Amino acid sequence: MVAIINYGLGNLASIKNMFLKIGIQAEITNKKNEILNADKLLLPGVGHFAKGMENLKKSGLIPILEECVFEKKKNILGICLGMQLMTNRSEEGDCEGLGWIDANTLKFEFNDNKLKIPHMGWNNVKFKNNILQPESSQLSTPRFYFVHSYYVTCKNETNVLATCNYGNEFHCGIYKENIFGVQFHPEKSHKYGMNLLKAYNNLI
């Protein structure tokens, strides 16, 4: 079972429905026992970074998540804001994050007025490895749906899972051991999102 962490932000129902569509049991929860007993975790998120951290702290879920991630070594996938919260710090609200991956969250800034913020819509994604890219999706360039004004940059290339280009290349997928994050929305990305979530569920 995949535990979709409910801390008050994120497309919770959409994510659960996508898991159910591909035959994977998933539950939306903020209950300690359900999180501790889950096979895998998913940290969603849509909205402001500082509000996300505030909600997580108020929920009391951070110690539980860190027990799962660092002691029990459960796999966790962050989506959009959920990924950004895994970084050290964000320019959005000048706020510290969870610090699980050595990276920072920065605001898009462009001199070219043709590039709008937020970055919204479909874009090609280049995976650096096959960890979350099953063979069936390697035959064509995977495309995912994005909605974001801030992006993540890793300090170490070893933590880069995938990249995307919007004005400049940025890190749209990050990972470290059992911690994974993607900036795009798999739950809105049709077959490519399904393939990624299946690959995540199949991780040992």
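So, helix α4, residues 62–71: its buried residues are Ile62, Ile64, Leu65, Cys68 and Val69. Buried here means under 20% relative accessible area, exposed over 50%, and partly exposed in between, with a 1.4 Å probe and protein chains only. Helices are DSSP runs of H or I, at least four residues, and strands are runs of E, at least two, numbered from the N terminus. Before I go on: this is a predicted model, where local features need pLDDT of at least 70 and side-chain atom pairs count only at pLDDT 80 or more, while totals for chains, interfaces and linings use all residues. Residues are numbered from 1 along each chain as its sequence is written, and side-chain values use heavy atoms, with hydrogens and water left out.

Next, the cores. A nonpolar core is a set of buried Ala, Val, Leu, Ile, Met, Phe, Trp, Tyr and Cys residues joined through side-chain atoms within 4.5 Å. The largest has 36 residues, and Phe19, Leu77, Phe184 and Leu196 have the most contacts inside it. α6 gives this core its largest share, 5 residues. Apart from it there's another core, of 33 residues, with Leu61, Met86, Cys95 and Leu98 among them.

As for Leu196, it touches residues including Leu77, Phe127 and Phe184, leaving out anything up to four places away in sequence.

Now the helix pair: Met18, Phe19 and Lys21 in α1 meet His190, Met194 and Leu197 in α6.

Last stop, histidine 148, in strand β10 (residues 143–148). Buried or exposed? At 4% relative accessibility, histidine 148 counts as buried. Its side chain makes a 2.8 Å polar contact with the side chain of histidine 119. A polar contact is a pair of N or O atoms within 3.5 Å; within protein, one must be able to donate a hydrogen and the other to accept it, and residues adjacent in sequence count only if both atoms are side-chain atoms.

Notes. Contact = heavy atoms within 4.5 Å.
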